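Subject: Handing over a structure

Hello,

Here is the structure I promised to pass on. Please have a look at it, then read my notes below.

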Amino acid sequence: MNLNIVQDFIPVGRRNRPGRVNPMLFVTIHETGNTNRGANARAHGKYLRGNDAANLPVSWHYTVDDSVTVQHLPENEDTFHAGDGAGSGNRQSIGIEMAVNSDGNFQTTIDRTAALVADICIRRNIPIANIRQHFHWIGKNCLQNIRAGRPITWAVFLEKVQAAMDAKTAPPVAPPTTPTTPALVETVNFDLFGKAVEIDGMIIGGRTFVAARHLLESMGGYSVGWNGSTNTVIVRRVAN
C-alpha cells in the first residue's frame with residue numbers, strides 16, 4: 001500500500017514543538033474525534049500549525065485519512081499527544097491520529113494506518129506489543145470507535161499491522177525460470193558393423209535388431225538419430 005506521506009511540519013520554536021529527543025519505544029494510536037466534513041489529515045495539519053494548538057499545547061506526529069498521510073513532526077522528536085505530561089506516552093512514543101471525518105472512508109483510513117504503523121515498527125524496531133491505544137496512557141476513551149468494535153476491534157487492528165509487517169519482511173519470491181534446451185556437448189558416430197538398428201520404428205539391416213534409440217534414451221543423457229547417407233547411428237550426448 002502506498003503510504004502517500006506529505007510532510008507539513010510544525011515550525012521550529014512553536015510551543016507545540018518542544019524539540020526534545022524521542023527514543024521511539026512505542027507507537028500510540030488515536031482517533032481525532034472530529035467528524036465534521038473536511039476534517040481530514042490536511043485540515044489537522046493546518047490546525048497544528050495554528051495558534052490554538054500551540055497555546056494548548058497539542059501535537060502529534062502523523063494524521064492519516066483515506067487518501068493521504070500528513071506528517072507534522074519528525075518521529076525522533078517528542079510531542080504533546082498522550083496527555084501524560086512527561087510520561088512515556090508523550091516522551092517515548094510516536095503519535096498517530098486517524099481522521100474520522102464524515103465525508104471520509106474510515107475503513108480505508110484504518111487500513112492505511114495499519115500499513116503506516118507496520119512501516120514504523122519495522123524501521124524503528126518497535127515490537128507489536130508496544131503499539132498502544134491513547135487509552136493506555138491516561139484512561140481516555142480513545143480510540144472511541146475501535147474500542148467499541150466499529151468497524152473492527154483493537155485485536156483485529158493489530159492483526160492488520162502484523163500482516164502488513166509480515167508482507168514487508170517476507171523474502172522475495174524468485175521468478176520462475178524458463179527451461180532451456182540442453183546444449184550439445186559431443187557427437188559420436190556408431191557404425192552398424194552389420195547389425196540392424198531400429199530407428200523410429202524402422203528396421204535397418206535385417207530381421208534381428210537392436211533398439212538403439214529406446215535403449216540409449218532410456219539411460220538418460222543421450223539423443224539418438226540416423227544418418228541414412230553413411231548408414232550410421234548418430235548418438236548425441238547432451239549436458240545434464
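In which helix is H136 found? H136 sits in helix α5, residues 134-138. Helices here are DSSP runs of H or I with at least four residues, strands are runs of E with at least two, and both are numbered from the N terminus. H136 counts as partly exposed, because its relative accessibility is 42%. On that scale, buried is under 20% relative accessible area, exposed is over 50%, and partly exposed lies in between, with a 1.4 Å probe and protein chains only. H136 and G89 are 47 residues apart in sequence, and their C-alpha atoms are 8.7 Å apart in space.

Some ground rules. This is a predicted model, in which local features need pLDDT of at least 70 and side-chain atom pairs count only at pLDDT 80 or more, while totals for chains, interfaces and linings use all residues. Residues are numbered from 1 along each chain as its sequence is written, and side-chain values use heavy atoms, with hydrogens and water left out.

**The chain as a whole**

The chain has eight helices and 12 strands. It has 240 residues, and 40% of them count as buried. Take the contacts with a separation of 6 or more: residues 24 or more positions apart account for 67% of them. Contact means heavy atoms within 4.5 Å.

**The sheet**

Six strands form an open sheet in the order β1-β4-β3-β5-β2-β6, with mixed pairing. The edge strands are β1 (5-7) and β6 (131-133), each pairing on one side only. From one strand to the next, the twist averages 25 degrees. Two strands pair if DSSP finds at least two bridges between them.

β1 runs parallel to β4 (residues 69-71), and three bridges join them. V6 stands opposite V70 in β4. Helix α1 (residues 41-48) packs on the sheet and touches β1, β3 (62-64) and β4. The direction of α1 makes about 150 degrees with that of β3. Such angles run from 0 to 180 degrees between N-to-C directions, with axes fitted to C-alpha atoms, for helices over the stretch in contact. Helix α7 (residues 154-169) also packs on the sheet, touching β2 (26-31) and β6. Its direction makes about 150 degrees with that of β6.

Now β5 (residues 93-98). Six of its six residues are buried, so β5 is largely enclosed by the rest of the structure. S93, G95 and E97 lie on one side, with I94, I96 and M98 on the other. β3 and β5 run parallel, joined by three bridges. Y62 stands opposite I96 in β5. Six bridges join β2 to β5, again in parallel. In that pair, E31 stands opposite M98, and I29 stands opposite I96.

What about β2? Six of its six residues are buried too, so β2 is also largely enclosed by the rest of the structure. F26, T28 and H30 cover one face, and V27, I29 and E31 are on the other. β2 runs parallel to β6 through three bridges. There I29 stands opposite Q133.

The axes of α4 (residues 106-124) and α7 come within 8 Å and cross at roughly 55 degrees. That makes α4 oblique to α7. For reference, angles under 35 degrees count as roughly parallel, over 145 as roughly antiparallel, 65 to 115 as roughly perpendicular and the rest as oblique. Among the residues that meet are I110, A114 and V117 in α4 and F157, V161 and A164 in α7. The residues of this contact divide into 11 nonpolar, three polar and four charged. Here Ala, Val, Leu, Ile, Met, Phe, Trp, Tyr, Cys and Pro count as nonpolar, Asp, Glu, Lys and Arg as charged, and the others, Gly among them, as polar.

**Backbone details**

Two cis peptide bonds deserve a look. One runs from L56 to P57, with omega near -15 degrees. P57 is in the loop between α2 (51-55) and β3. Another runs from C142 to L143, with omega near 25 degrees. L143 is in the loop between α5 and α6 (144-147).

M24 is not a glycine, yet its phi is positive, near 60 degrees. M24 lies in the loop between β1 and β2. At 14% relative accessibility, M24 counts as buried.

Best wishes
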